Structures are given as C-alpha cells and as structure tokens.
Amino acid sequence: MVPDLLTWIFLLAGSVLGITGAWGLMTFPDFYSRVHAASITDTLCAACFIFGLVFQAGWSLVTIKLLIVLTLLWITSPTSSHALVRAAYRAGLRAMTHGNKHSGGGRS
Amino acid sequence: MMSLGIAAVALLVVMFVALIRALSGPKIYDRVLAINMFGTKTVLFIAVYGFLTERPDFLDLSIFYALINFIGVIAVLKFIERIEEYDEVEER
Amino acid sequence: MYLIQLGIGLSCFWLLLSGFWSNTLLLLLGLVSTLLSLYISWRIRRQYRLFSDWSLILRFPAYLRWLLVEVYKANIAVVKNIWFPKDYPISPTVKRLPMSQKSKLGKTIYANSITLTPGTVSFDFKDDGVLVHAIVEEAVVELQDGEMDQRVSKLEQVK
C-alpha cells in the first residue's frame with residue numbers, strides 16, 4: 001500500500017516536471033535558456049521516475065539496474081549538454097544576455 | 001497500475017513536444033538538444049513500459065539505450081564542429 | 001595495479017548485469033569484453049591520467065547528498081521561471097568564475113556539478129576559470145559565493 005502511494009507521488013511529480021521542461025523548451029526565447037529547460041527533465045524528472053519505479057520493484061536485481069540507469073543518466077546528461085553548449089559557443093552563437101552588460105558568447 | 005499508465009502518457013507527450021522542437025528549431029543546436037532530450041525520455045519510457053508489461057528485462061535495453069544516446073549525441077556534435085571548421089577554412 | 005582493480009570491477013559489473021553465472025558462452029563473452037575494455041582504458045590512461053585516488057569514492061556520498069539538495073532547490077527555481085515568467089522573469093547572464101581545484105578530476109567534477117544543477121551551465125575552460133551561463137542572475141551570485149567550489153576542493157584533496 002505505502003509503496004504504491006510513493007510510486008504514485010514520484011511518478012506524478014516526474015510527469016509534471018517533464019511536461020514543465022517540455023513547455024519551457026517551447027517557450028524560452030533563445031538556445032542557451034532552452035538548455036536549462038531541458039536540464040530539468042534530465043535531472044529531477046528522471047530521478048523521480050526512477051525512484052517511483054524503485055518503489056514498485058522492491059529489493060532485487062531490478063533495483064540495482066534502475067540505479068545504474070539513473071547514475072548513467074546523471075553522468076552523461078551534464079556531459080552532453082556541456083559539449084552541446086561548448087560547440088554552440090565555439091561556433092559563435094551569441095548568448096542573449098540580461099541588459100547586455102556582459103557581452104559573453106561568440107568568439108568574434 | 002494507473003500510475004504507470006499516466007507516466008507513460010506524460011512521457012509520450014514530452015517526447016512529442018521534443019520532436020516538434022527538433023523539427024522547428026531555428027538553430028542546429030536546438031535540434032540536437034531536442035534529440036538529446038528525446039533520447040533520455042526514451043530511456044525512461046522503455047523502463048516504464050517494461051514495468052507496465054511486467055517484463056523488467058526491458059531495463060537492459062534502457063541501459064543500452066542510455067549509452068548509445070550519449071555516444072550518438074557526442075558524435076553528432078563532433079561532426080558539426082568539424083563541418084564548421086571546414087566552412088571557415090573554405091571562406092578564407 | 002590500476003588495471004587489476006579495474007578488471008575486477010568490470011567483471012563484477014558484467015556478472016551483475018547479465019545475471020547468468022553458469023553459462024560458459026556468456027562467461028567467455030564477458031571475459032573477452034572485459035579484456036577489450038581494459039586494453040582501451042590502458043590506451044586512454046597512457047595519454048590522459050584522470051583517476052588515481054580511490055579514497056575519493058569514500059568521501060563522495062556526503063557530497064552527493066549535498067548536491068541532491070542543491071539540484072532539488074535549483075529545479076524548483078527554474079520551474080517557477082517556466083510557469084510564471086511574469087513574476088519570475090529570466091535574466092540570462094554569462095560570467096567567468098575562478099576554480100580552486102588542482103587536479104583534472106576535481107575540475108571535471110566541479111564543472112559537471114555546475115551543469116547538473118538546472119539554471120547554470122558551464123561552457124568553456126580557460127586557464128583556471130570556467131565560463132558559466134545562468135538563466136537568472138542570482139544563480140551566478142550564489143555560485144560566486146563559492147560553496148560548491150570549496151566542497152569540491154575538499155572532495156579532491158590533492159596531496
């Protein structure tokens with residue numbers, strides 16, 4: 001009973017976070033801010049889903065595999081978003097900055 | 001198993017939105033970002049679907065997919081960087 | 001020494017994931033893939049020495065717990081930015097932050113932690129600094145206070 005309830009809470013929270021991230025992906029104005037919206041769905045949303053499934057699985061090999069999936073996602077997703085942002089920066093895509101005080105981004 | 005169903009539907013919605021962004025993204029980096037997000041959501045979807053059909057073996061697939069997705073994104077980014085360096089050399 | 005430790009770890013990983021302990025063909029395949037990964041990591045290590053201190057793993061869980069709380073807080077902040085753009089307007093900022101870590105591994109952990117917390121992304125290394133893009137200005141101010149920097153430095157502890 002209690003595990004089922006916890007599964008409900010975690011999966012619902014994960015779903016809401018995922019849809020929030022998707023909404024941010026559609027509405028944010030420039031590329032660099034969209035990265036942040038995507039990083040929500042990569043971190044806490046993924047963690048919520050995995051923990052929801054862990055409560056469903058109980059203690060078994062399945063749990064360990066789920067935790068391996070989570071670890072992989074948490075290591076690879078910042079790495080790939082760092083690589084993505086760095087590639088965009090090196091290619092000269094300028095970041096939209098607040099008030100243009102710091103003119104960052106873009107190498108030219 | 002209502003909760004798993006809702007989670008699966010929500011993941012499908014997120015994947016759909018990511019696909020829209022991938023198709024409409026103004027810059028190529030928006031497309032890669034959306035595809036990366038699509039990939040991580042696919043990993044989660046495979047896991048949830050495995051639980052929904054009560055076949056936890058699907059988790060192996062999702063571990064595998066996480067690795068392939070990462071390598072794929074990095075490879076595409078390397079490719080884009082190469083192309084842009086090449087373009088700059090051409091322009092000079 | 002390092003290769004032996006890695007080999008034992010990889011074999012355990014294979015056994016754990018496959019779940020078959022008695023099938024000769026699968027064990028043989030596991031041996032082959034372990035040896036292949038060992039060869040590749042030996043080749044990488046010849047050029048790029050990243051990891052040499054196992055005591056870091058013992059100190060890692062405490063850092064991870066702190067990081068989880070940070071990730072949670074940062075998530076809530078960005079969720080507010082997405083749903084209520086009127087009340088919580090975004091103010092994208094780019095800044096250079098100094099890094100106090102000495103080893104490559106420490107720098108990698110720091111940059112990865114910055115990227116892992118939503119709202120801040122690290123995008124380039126220059127000398128001893130890291131370029132950070134943040135979605136709200138407060139996030140950069142918080143990073144400039146340097147709590148995460150100090151924690152990572154404490155984590156690596158170069159002798």
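This is a predicted model: local features need pLDDT of at least 70, side-chain atom pairs count only at pLDDT 80 or more; totals for chains, interfaces and linings use all residues.
1. **Chain C, element by element.**

2. **How spread out chain C is.** For 159 residues the globule rule gives 15 Å, and the radius of gyration of chain C is 20 Å, well over that, so chain C is more spread out than a compact globule. If you want dimensions, the C-alpha trace of chain C spans about 65 × 40 × 25 Å along its principal axes.

3. **Burial and contacts in chain C.** Of the 159 residues in chain C, 28% are buried. Looking at contacts in chain C with a separation of 6 or more, 65% are between residues 24 or more positions apart.

4. **The strands of chain C.** Strand 3 of chain C (residues 129-134) pairs with two partners. Strand 1 of chain C is joined to strand 3 by 6 bridges, and the two run antiparallel. Strand 2 of chain C is also joined to strand 3 by 6 bridges, again antiparallel. For landmarks when you click around, C:Val94 stands opposite C:His133 of strand 3, while C:Ser122 stands opposite C:Val132 of strand 3.

5. **Strand 3 is well covered.** Why call strand 3 of chain C largely enclosed by the rest of the structure? Because 5 of its 6 residues are buried.

6. **A residue to look at: C:Leu143.** You'll find C:Leu143 in helix 5 of chain C, which covers residues 137-144. Is C:Leu143 buried or exposed? C:Leu143 has 21 C-beta neighbours inside 10 Å, and the cut-off for buried is 20 or more, so C:Leu143 counts as buried.

7. **Who C:Leu143 touches.** Setting aside neighbours within four places in sequence, C:Leu143 is in contact with C:Leu97, C:Ile114, C:Thr120, C:Val132 and C:Met148. One of these, C:Val132, is the strand 3 residue that stands opposite C:Ser122. As for C:Arg59, C:Leu143 is 84 residues away from it in sequence and 22 Å away in space, C-alpha to C-alpha.

8. **Where chain C meets chain A.** The contact takes 28 residues from chain C and 29 residues from chain A. On the chain C side, helix 3 (55-83), strand 1 (93-98), helix 4 (104-116) and strand 2 (120-126) each supply at least two residues. Helix 3 of chain C gives the largest share of that side, with 7 residues. Sorted by class, the side of chain C that touches chain A has 16 nonpolar, 9 polar and 3 charged residues.

9. Chain B has 3 helices and 0 strands, and from the N terminus on its elements read α-α-α. Its radius of gyration is 17 Å, but a compact globule of 92 residues would have one near 12 Å. Taken along the principal axes, the C-alpha atoms of chain B fill a box of roughly 60 × 25 × 10 Å.

10. **Burial and contacts in chain B.** Buried residues account for 38% of the 92 residues in chain B. Among contacts in chain B with a separation of 6 or more, 45% link residues 24 or more positions apart.

Definitions and conventions: Residues are numbered from 1 along each chain as its sequence is written. Chains are lettered from A and ligands numbered from 1 in the order in which they are written. Two residues are in contact if their C-beta atoms, placed from the backbone, lie within 7 Å. Helices (H or I, at least four residues) and strands (E, at least two) are DSSP runs, numbered from the N terminus. Ala, Val, Leu, Ile, Met, Phe, Trp, Tyr, Cys and Pro count as nonpolar, Asp, Glu, Lys and Arg as charged, and the others, Gly among them, as polar. The radius of gyration is taken over C-alpha atoms; the globule rule is 2.2 Å times the number of residues to the power 0.38. A residue is buried if 20 or more other C-beta atoms lie within 10 Å of its own, exposed if 12 or fewer, and partly exposed in between; C-beta atoms are placed from the backbone. Two strands pair if DSSP finds at least two bridges between them.
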